[in-house]
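Please open the structure in your viewer and get ready to select a few pieces in turn. Each stop below tells you what to pick and what you will find there.

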Amino acid sequence: MKAFLEKIAERLVKKFPDSMENIAIVLPSKRSVIFLKHHLSKLINKPIFLPKFFSIEEFIEELSGYRVVDNLSLQFYLYQSYLESPPIHTDTFEKFMSWSSMLLHDFNEVDRSLVDAKSVFTNLKQVKELENWTLEDWSFNSENLTDSQEQYVSFYNQFYNWYVSFNKILSDKKLAYQGMAYKKAASEIENKSLEWEKVWFVGLNALTLSEQKIIDNLKNRDIARVFWDADQYYYNNSNHEAGEFLRVQRNKWREIDFEGVGNYFEKEKQQFNIIACPKNISQSKVVSELLSSFSEQDLQESKTAVVLADEGLLYPVLNHLPSNVKDINVTMGSPLKNTPFYSFIDVIFQMQIRTENHKRDLFYYKDVLNIINHPLFSSLASFKNIHNLQNKISKKNKVYISVDFIKNELKSDFEKVNQIFVFWKNINESLSCVRQLIILFRENLSGKKNSIESEILFAFSKSFNLINSLISENNFLVEIKTLHSIFSQLLSKEVIPFQGEPLKGIQIMGILESRTLDFKNVILLSVNEGLLPQGKTLNSFIPYDLKVHFKMTTYRESDAVFSYHFYRILQRAENVNILHNTESDDFGSGEKSRFITQLLSEYKGRINEFVFGGEELEFTDDKEIIIKNFSLQKEIENWSKYVSPSSLNKYINCSLSFYYHYLAKIRKEDEVSEFAEANNIGTAIHEALNKIYPKGVITSQSVNQIKEDLLRKVEEEFIQEMKGEDVSKGKNYLSLEISKKLAQNFVEFEERLLKKLNSRGGTLNILESEGEFEHQLQVNQKPFTIKGKVDRVDEMNNQLRIIDYKTGKVSKSDVSITDFTDLIENPNKAKAFQLLVYAYIYLKNNPQYSDREVIAGNFSFKNLKEGLLTVAKSINRKKEIIIINKAVLNNVEEIITEVIDKIMNEDFRKTTEISRCEYCDYRSICNR
Amino acid sequence: MEHKQLKRIEDYDKNLPIVEIYTAVQSEGSRAGYPTVVIRTTGCTHRCYFGEGGWCDSWYTSIHPEKGKFNFKDITILCNSRKRVSLVAQRFSENNIPVVSNEGLLINSSEKVRFLVDVMRYLLDKADNLSKAAICEYLQSETPINYTIHEINLLLKKDDGFTDLLKKYNISIPTEKFLRLPIYELAERLIKKFRIPDNSYVSFFLDVILKFSEKQGSNLSEFLLWWEDKKESESIVVPEGINAVQVMTIHKSKGLAFNVVMIPFNWEGRKKYSEIWVNASKQTNNKLNSTLIRGNKKLELSQFSNEYLEEKNLSFMDNLNKLYVAMTRSVERLYIFAKEYPSSKSDSFLSSGKLNSFLHLYGISDIFIDGDPNENHYEKVQKRPKVFSTTSTEKIEWEKVVSLKRSSEKSWDLDNQSSGKDWGNLLHLALSRVNNTDEIDIVVDGLLSEGFCVWENKEKLKSELSRLLDHPDLQEFFDKKWEVKNEKEILTKEGSSYIPDRLLFSENTTIILDYKTGSPHFSHHDQINNYAFILYEMGYENIEKYLIYTNEEQLVHKI
């Protein structure tokens, strides 16, 4: 089937065999120009000057004599008009930018539809007043309106003033927004002399009133010629939205204008598939599968188009192209906002804005880490310096960081980046920082000509120049955060175009680029409601009813246009594959497009429906990881110098985690902790008790006396523990209060206890506080030093008590065992094991107490009502305190020996109890 | 559902109640192949109990009587909590019934996905030994090298140890380059680098990354933080081609339909307790007007008894609504499992909200079957679409075929970075757009708004342009007598197009002008000679060629 543009090329050559350089051709897209040129080149036998190609927008801009400027510049100009007639509540430029593009959009629509701006905006104001109308208060007298209502109405009241002033500002500079150019061109077309003999309008569809006026006029002057591309299928069906515009034109224009309407849908397609896919990657997999089944010819000669209704699918599609694809042409681009350069600028702005908001001359550590860990930062400073800075931040637990701190660590590299880590006082400093970065990165690109990075940086630099010019030209105040949103607004739209072989290979494009083109094979992706058609979008201040009244375009018209694009790309195709997403997610609802439903019900030929099959599920069985106990002597020897009860417990819990932690020494790195955690509370209380709590014989009075001091000390220790973090408010304040309360509870508990004890004539004598003890044990002829810090050893009456303070909650069952083998088999008994090991090393160092009645237990600060939680044996549900005598010590020694013996001889493997893995650092290694 | 058949077995307390009687063909044992009457009972001694709730053994074995009629994938088990879901899923796997559940469907349950995340972590922090160890562990299980894990662990902690190790696995990661990629691209490259096979989990992980980068940009560390939060909830969509029983929470089943639905566990839907907002101004001396308290039976005796009762009723309603959702999911079959009645029907049983207490409430004295087992709506109603299966084929490296449009090279010389060079490029661009002096302002404004020209250079560019255009040596070329074609495109029959900077035509002469901003070079002649040749082909004669060197003392060079 002959392509539409091929026919146009033939007609051009026939009509203008000698010279077509004085012809203008208006086409919908750049890609159609490439294809038209291609068809033309096949029909000429010597070089020719090409006709002038325009998009409809460019053509009308040319007619208007004004230059249509970019959206950002327009917002700067519009803000001038806004300030000339401000509403009651005046927005800053930043706030203004959040709605100004919507207003610009409305100005464009109003002018393109040749509607009288004054009546629209007056009507709009009245509509808004009506919205605030109530029975009680039915006059529009401003006295009766509340402040916010008044503000609201006053906002709409100014629209027309802004419109007038904005038009004036622009026309003085011979500039325009698009609608303005349309309106001007349409109003002047009568007397306009054109530099082209003929103007051909090719493959357009819906026309705005201004476009119609221009084309009508040029047709009457016998300058314009219009070529439609359509199919009877929708053109003749009076209910079909795809043909709506053409049917409207039918009465107005001559028969010849419609000779392009064909009957292509009559021909049965070779293949017509609709494939339902979950989410997006699966769609690109289907594309891959389809393409790999195509013949080489179909892939080589631009006979195949992949049309993306959602351009976000570009990268997935590219990454899944099968190897039989040799050439591709993409008319789309890579969004600048997804580049690291943008995210780098973004994190810098984030840091500066946060610093500005906090009004203190310090940077927040997360922001600093974000910057120094950013991939691009590594080209500005050495790995060593970056690493040092990062380490220092976490070691010193710096939450707020000064410039000098950064300077000290980055050393000579600081010079380069000093503009990042200076407190920006105004936007000039931010602009200068960005400018410096562009220069630095450009220097780094030396020798990387034509790299993607150079394109990104160049595009970024162009945007930067524009912003810089706009700010220099307009002298109203722009804040740093405004600059940030200007950057993100501009760069989120900015795209770096791809380049491929334009006429070879498969063609990947968005739906708009497919206009006027024809392909043998068409694969359409994301044919879902919300994308194709787009449906309602909220981007206008003008309500639907008002738009209808003034004959402006609404979402209904825009849906009809997309319906036309959809059917048109299908009409000449022989193999059609339509893919849609079945899952509802952020990419739009999972509802398949109504265009599909419509096709299924009205298309006469055969359509096959498929669902995406997908791959087998991954059933991962829990893999065994075994570290052979082989040539680990050195590591074990290192560990043997400091055998802590917690390391033994770790082994009991999971031998593999013991291996990783104590032998391989692969550990989780320190992180800055902004807020106090359980261990900080614990340390503060322990330290305070150690330093303040009386030793020797204590009484309720002596304990009472130190109470105030102790609480003060807890606070002091807590503050030290938090390394300068603010503890006067927020979470940290609460943690501090908790620490004090826990300490106070403990003192009061002991006070009561002592009172009772003393009244019965008993005494309490504290022998040791935070005493460090060690004992060397020989296992398999090797020495192992068992070490531990015992919180407290005291003598109550005649009983010797080995005590470990726990600021967390301990319950009786934690310290009671049924048998000594429990200690080695049940990790839940870790606290009992720890106490027994403490008792063991203490008594080994103090043999004089061996004959005394010795017990060991925890004071749980969150469970003081239970008193000392003593290591006990549970026999038939009864708990019997274990008196630590020689036999018990032997048992403990045996157990320690057994564990150490296992560490020396047995392989390390992961625990079979998955519940133990929940908080383990090594989960990622074990795959649990 | 139509009430076609109603079997009710009386005398529940004395006998084993029969829940189903049907004819079938014996499928196992010595009598395999013979017609059989199957009598299915409940309350039998073979009952299995799990946790506090119980169900009769037929609730999962009863899948088998449907064999042939339904596939595993037609069956869905709906539970009230995630805990129940994993209990059922675990039990099924133990009995070799293929099953997919919420948990198994978590993207993060794939070791390949977790591996990718570990690699990303490592890329961000090259000192992260944990991630390195995890990476090696995975590689060692895929393509082992001749090292023990311990040797690997010691190596990877050393400065270059890890990159050396990767080399042994035949992998090299261009870290710098990779980190500069958008995160989606990065993930794709990693998949290729580590030869990770195509699979549903990886594919949906890519979907997640794609979604993230559309919404939140392309910052890798932000993505990893975000993923840490999301990994327990983002799941894959069950592939159409999988034949497995689905187990899910009722919550997840909203809006879906399944052929066979089973609802086990006696419907224990009630939350044990809930929290209630109350007005406690009286109790707190107006300090806290709204207070959150824990719902507790004791509240019935307090001032908040009304609030408590209301909350209780609401949660009862909630429960009923959820039950309604669960019971309306099935197309073809619905099986609900209740526990037998307790011997004494205490108050707590009656208000427990469990299924058997409902049944008791509605006077149903025992368990019954409703509907005709032979009825099949499903085959009549549903026309299943065919499955589109994909094979994983080799992929091309797209970036070798497609490149970004090179627009920077005309303005930026990266190998010779000097402001003079940039200025020359800008001037060339401006000159090619200017037809005559009147247009200078418009052209310069255009260059400003396109970002080619910086604000600081605006006036300088204007004056330089007018200097050149007014230059006595160039006057000739800007004379009004010429017919001028600026940047006019020429198409050849081979399909190439050319755009000379400026063409001047008079009746018998044709002049080609080309601007150059560097120093004169012989190669500049080739281009202009080529233009001349094309013009000659087009029929023009007396062609003169001029190169204009804007930076030189002698501006005009005739070729």
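The tour visits a sheet in chain A, a single glutamine, and then a sheet in chain B. Keep in mind along the way that this is a predicted model.

**Stop 1: the sheet in chain A**

Start by selecting β3, β1, β6 and β7 of chain A; in that order they make up an open sheet of four strands, with parallel pairing. Which strands stand at the edges? They are β3 (52–55) and β7 (224–227) of chain A; each has a single partner strand, so one side of each is left without a neighbour in the sheet. Turn the view to follow the twist, which averages 20 degrees from one strand to the next.

Now zoom in on strand β1 (residues 23–27) of chain A. Four bridges join β1 to β3(A), and the two run parallel. To see one place where these strands face each other, pick A:Ala24 and look across to A:Lys52 in β3(A), which stands opposite.

**Stop 2: a glutamine in chain A**

Select A:Gln489, which you will find in helix α23 (residues 480–493) of chain A. Is A:Gln489 buried or exposed? Its relative accessible area is 17%, and because buried means under 20%, A:Gln489 counts as buried. Setting aside neighbours within four places in sequence, show what A:Gln489 contacts: A:Leu72, A:Gln75 and A:Met97.

**Stop 3: the sheet in chain B**

Move over to chain B and select β7, β8, β6, β9 and β12. Taken in that order, they form an open sheet of five strands with parallel pairing. At its edges are β7 (99–101) and β12 (330–336) of chain B, each of which pairs on one side only. On average, neighbouring strands of this sheet are turned by 25 degrees against each other, direction ignored.

For a closer look, take strand β9 (residues 258–263) of chain B, which pairs with β12(B) in the parallel sense over five bridges. Pick B:Val260 here, and you will see B:Arg333 in β12(B) standing opposite.

Finish with helix α2 (residues 82–94) of chain B. It lies across β6 (75–79), β7 and β8 (245–249) of chain B, and runs at about 165 degrees to β8(B).

Methods: Residues are numbered from 1 along each chain as its sequence is written. Chains are lettered from A and ligands numbered from 1 in the order in which they are written. This is a predicted model: local features need pLDDT of at least 70, side-chain atom pairs count only at pLDDT 80 or more; totals for chains, interfaces and linings use all residues. Side-chain values use heavy atoms; hydrogens and water are left out. Two strands pair if DSSP finds at least two bridges between them. Axes are lines fitted to C-alpha atoms, for helices over the stretch in contact, and angles run from 0 to 180 degrees between N-to-C directions. Buried means under 20% relative accessible area, exposed over 50%, partly exposed in between (1.4 Å probe, protein chains only). Contact means heavy atoms within 4.5 Å.
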